[in-house]
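This report describes selected side-chain contacts and surface features of one protein structure. Please keep the sequence and the model in view while reading.

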Amino acid sequence: MTDRLARLRLDAQRGGLFLWSPVCLGVGIGLYLALPAEPSGMAWVVLAIALACGAVALVAGLWRWPPAIGIVLVALGFAVGGVRNWQVAAPVLDFRYYGAVEGRIVEIDRSASEKPRLTLDRVVLERMDPDDIPARVRLSLHGEQSWLDPRPGQRIAVTAFLSPPQGPVEPGGFDFQRMAWFERLGAVGYARTPALLMEPSGRALRIDRLRDRIARYVRTHLPGEEGAIAVALTTGDRSGLSQETLQDLRDANLAHLLAISGLHMGILTGVVFGAARILLAAVPGPALNWPAKSLAAVIAIGAGAFYLALSGGNVATQRAFIMATVVLVAVILGRRALTLRAVAIAALIVLTFRPEALSGPGFQMSFAATTALVVVYRLLRNRLGPGRPGPVRFASSLVLSSAIAGAATAPFAAAHFNQVSQYGLLANVLSVPLMGSVLMPAAVLAAVLAPLGLAWIGLEIMAPAIRWILGVANWVAGLEGATIPVPSPGEAVLPLIAVGSLWAILWRGRWAMAGAAPVVCAFALWTASSRPDVLIDASGGLIGVMGPEGRVLSKPRGAGFAARVWLENDGDSVDQEAAAARPGLERDGDTLWARVGDVEIWHVFGRGGAERAAAACRPGRIVVTTADVEATEDCVMLDETALRETGSVSVRATEDGVLISTAAEHAGSRPWSRGPADMGVPLVPVDRLVAQLDKF
């Protein structure tokens, strides 16, 4: 009887089970990414045999039980993650390098300090085996580099400092090493000497060189921030934007206007489709004898593909192009276009080719917004009333769309960026209409007129709209309480929100409301989560102790990236200098200390640090120093050698003492983490630290 009821419930889902395909695939990818160690060769063989058997059974029609198909899809997602890992595998620098670096420029952007930053491939490093040289390196250019005019395809040489990509600035935090691995980025660094041009741009990287030419043309005709916005909208290149403008756009919840996604792709393909259809209809022969609507859709798909290539093809743009293509193909076939099935197809394609995108904010927010919009407009179809005046319907649709997208992406934005914009809806209502009515049509006009040398006409039309958007961003960002800082959630929060929301959307029947339970649980966990009492930077140069007024940092300058991320993850809006001035750390010259539970945290730095750190070593203390101290068992000594093994460290006070966590412990032994086991050190170095703590 129970089996019969289960089958009846599953039968009720017929027609909607395909929508669960990307969910199952994503679960498999997530399981692969979360593994503490890479599966063995035998495990991969067993998985391959199981997938082959499952595929044969499905094709032969031996079984079509949905849960079994779901399990196969989970296994397939796991395999997709492994295949992608194998595809991107490339050498990673495992030491600090100083010397000549030669390579071809493939990407140009700017660092957080506004310095030019170049990504190089075809790298040559002196005195290194070619098989050990990273596939790509990224360099920030400091010092006098004014003579250099970097362009994609150029080959340059420079004397630089390189190091391996760094791990999380706190255990369990954002893992830059993993992101760098999937981008085949094997080293990062900087140069203070002038770079030398070895070869000019060749014929390779045509799209990148075209992007560069377009960006230079736009900046010539629209200087300043207006031109930088126009470049970001047309080519996806944000390197010309100042940090102040970017921050204003983020605080006003308008940063999505710079990310070429569904809004831009939809408007572009829509404008091209409409223009092509009008032009075809204006010519009697094609209008009478050709399928003008289908031809216009094909032209729009081609325009979208060109825009995808020109913009650099990030995950949001890929999703937008796939969605636009599905919609236009449906137009060609005479089918209803925008459905959850189209969203599912887009998700399947993105996850298959870029499985690592699953954990990124671009994928999560893009699909959350799109799914929510499709679902809500499906429920409210015809509710906005054809009898209403056009402007009223347009305005209500705009406000509703902004509210839906904002609500759907809010948890993911808060978790990844640690802030919520209070007036984001207002800013979007004042700005988004210009995207569809002025900016994107003007960009299409500029592209059409470019062969005639008249692209400036489209740019001049864009300029007033860009000034308006910048003004709105600056005004909204300046309002009191424009942003609310939010602490980072625990690791289980976003998965619970995603699973609960997807269940409520995809399940058919009264049990759909059961999806609310995981979502409520997730927000309860988020509210109850606490931050570490102590955070220690992987270099040992900075510690942060939770004090009565918030986290107090050991110094007002230096290790600025770690300091900023710690404070953001705390949901703290102060800067590093203000955090360093808080009470909570006692100081004696170049020595700081604080008590956490039953343990004292000592931070020893400056000249003679090794001797002073050794002298400070006592039972019941954790001593942090940038020096290298001789082995001791009198305290927990986090010196240069220990921190090289552990990475960043967090300390929490508990009823039983303190709990120490390390970045190496969280990362495990994966290809991108150059795991401790691969470095010849214990898999979980924290065991030694805990053993020392047990003695006092």
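The side chains of Glu 126 and Arg 127 meet in a salt bridge, with 3.4 Å from N to O. A salt bridge here is a side-chain nitrogen of Lys or Arg within 4 Å of a carboxyl oxygen of Asp or Glu. Glu 126 is partly exposed, with a relative accessible area of 34%, whereas Arg 127 counts as exposed at 68%. In these terms, buried means under 20% relative accessible area, exposed means over 50%, and partly exposed lies in between (1.4 Å probe, protein chains only).

The model is predicted, so local features need pLDDT of at least 70 and side-chain atom pairs count only at pLDDT 80 or more, while totals for chains, interfaces and linings use all residues. Residues are numbered from 1 along each chain as its sequence is written, and side-chain values use heavy atoms, with hydrogens and water left out.

**Salt bridges**

Side chains of opposite charge can pair when their charged atoms come close. How many salt bridges does the structure hold? There are 21 salt bridges in the structure.

| Glu 126 | Arg 127 | 3.4 Å |

Helices (H or I, at least four residues) and strands (E, at least two) are DSSP runs, numbered from the N terminus. Glu 226 counts as buried at 19% relative accessibility, and Arg 467 as partly exposed at 44%.

Glu 38 lies in the loop between helix 2 (21-34) and helix 3, and Arg 670 in the loop between helix 24 (663-667) and helix 25 (686-693), so the pair ties together parts that are 632 residues apart in sequence. Glu 38 is partly exposed, at 27%, while Arg 670 is buried, at 1%. Elsewhere, a network of salt bridges links Asp 149, Arg 151, Asp 212 and Arg 216.

**The disulfide**

The structure holds 1 disulfide, a term that denotes a pair of cysteine sulfur atoms within 2.5 Å. Cys 617 and Cys 635 form this bond, with their sulfur atoms 2.0 Å apart. Cys 617 lies in the loop between helix 22 (609-616) and strand 15 (621-625), and Cys 635 in the loop between strand 15 and strand 16 (636-638), so the pair ties together parts that are 18 residues apart in sequence. The torsion about the S-S bond of Cys 617 and Cys 635 is about -110°, so the disulfide is left-handed. Are these cysteines buried or exposed? Both Cys 617 and Cys 635 are buried.

**Helical residues**

Val 46 is found in helix 3 (residues 41-60) and is partly exposed, with a relative accessible area of 49%. Met 435 is placed in helix 16 (residues 424-449) and is buried, with a relative accessible area of 1%. Met 435 and Met 462 are 27 residues apart in sequence and, from C-alpha to C-alpha, 9.5 Å apart in space.
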